[in-house]
Amino acid sequence: MAMATNENLPPNVIKQLAKELKNLDESPPEGIQVGVNDDDFSIIYADIEGPAGTPYENGVFRMKLLLSHDFPHSPPKGYFLTRIFHPNIASNGEICVNTLKKDWNPSLGLRHVLTVVRCLLIEPFPESALNEQAGKMLLENYEEYARHARIYTGIHAKPKPKFKTGAISESTTALNVDQSIGDQKSVAVGAVVPLQSPLAPCTTASKGGNSQDQPAAVGPTHETGMSGSVAAPTPSTLKKDVGLAKVQAGKKKMDARKKSLKRL
């Protein structure tokens, strides 16, 4: 996979990110879907649904987070790729929020960052506006601000093509991230379990599918019903053999008597 060429981040950071991305994929935050660039984990994409009760309702806004080489010591840079009318989002899409600036902490994860960005759509901060027109309008005439925001939402924030399902899981699996010992054992067992003989009875497999719990003799069976080489004698054949021996012995005795009578 192209992951081997991912050199924008240190390997330990990539592995940590992969774990977090897998967690976001399996348990996404409300109203947020995450996507990745398989070739470059330093670019994180997210589709954010406009929160209900805001001018951004019914819109889907695509954004990206750019992670620097020294991440997580320095904060990621956030950009909206979908045009939006918002005080804290510049015309080039740059996001101004304290979580990505002075309030950044290396212990903060991507989930926290994405949640904060979505909350920004609910509660803008016009005091630190990157879009001065939107900030001024929000403070002076909310209805006019909301009208502008709804127009932008209706034109630009139409639902996007969804990210490929399972893509994050595929990417993180390529790094053997979060692979449990149990999974490794199951793979190892599966690799050495022999193929069942086509002549073996179908009941040899247990409910759990582990053929190691079954008797070793599952090879082709002979007419006697036993697996392996020579057929073992049954009680009936033993009786026949003994009876045959007795008859032969009786015949010998009779022959000996006849010979002795002739001599007399």
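1. Let's start with two helices. Helix 3 (residues 132–140) and helix 4 (residues 142–156) have axes that come within 6 Å and cross at roughly 135°. That angle makes helix 3 oblique to helix 4. Angles under 35 degrees count as roughly parallel, over 145 as roughly antiparallel, 65 to 115 as roughly perpendicular, and the rest as oblique. The axes are lines fitted to C-alpha atoms, for helices over the stretch in contact, with angles running from 0 to 180 degrees between N-to-C directions. Helices (H or I, at least four residues) and strands (E, at least two) are DSSP runs, numbered from the N terminus.

2. A word on what you're looking at: this is a predicted model, where local features need pLDDT of at least 70 and side-chain atom pairs count only at pLDDT 80 or more, while totals for chains, interfaces and linings use all residues. Residues are numbered from 1 along each chain as its sequence is written, and side-chain values use heavy atoms, leaving out hydrogens and water.

3. Who meets whom between those helices? From helix 3 come Gln133, Ala134, Met137, Leu138 and Glu140, and they meet Tyr142, Glu144, Tyr145 and His148 of helix 4. Contact here means heavy atoms within 4.5 Å.

4. Now find histidine 86, in the loop between strand 4 (77–80) and helix 2 (110–122). Histidine 86 counts as buried because its relative accessibility is 0%; buried means under 20% relative accessible area, exposed over 50%, and partly exposed in between (1.4 Å probe, protein chains only). Its side chain reaches the backbone nitrogen of asparagine 88 at 3.0 Å and the backbone oxygen of leucine 120 at 2.8 Å. Leaving aside neighbours within four places in sequence, histidine 86 is in contact with Tyr56, Leu120, Leu121, Pro124, Asn131, Ala134 and Tyr145. You've met two of those already: Ala134 in helix 3 and Tyr145 in helix 4.

5. Cysteine 96 also sits in the loop between strand 4 and helix 2. UniProt, in an unreviewed entry, places the feature "active site" at Cys96; such annotations may be inferred rather than shown by experiment. Is cysteine 96 buried or exposed? Cysteine 96 is buried, with a relative accessible area of 17%. Not counting residues up to four places away in sequence, cysteine 96 touches Asn88, Leu120, Ser128 and Leu130.

6. Last stop: threonine 99, found in the loop between strand 4 and helix 2. Threonine 99 is buried, at 12% relative accessible area. Residues up to four places away in sequence aside, threonine 99 touches Trp104, Leu108, His112, Val113 and Val116.

Technical notes
Polar contact = N/O pair within 3.5 Å; in protein donor to acceptor, adjacent residues only side chain to side chain.
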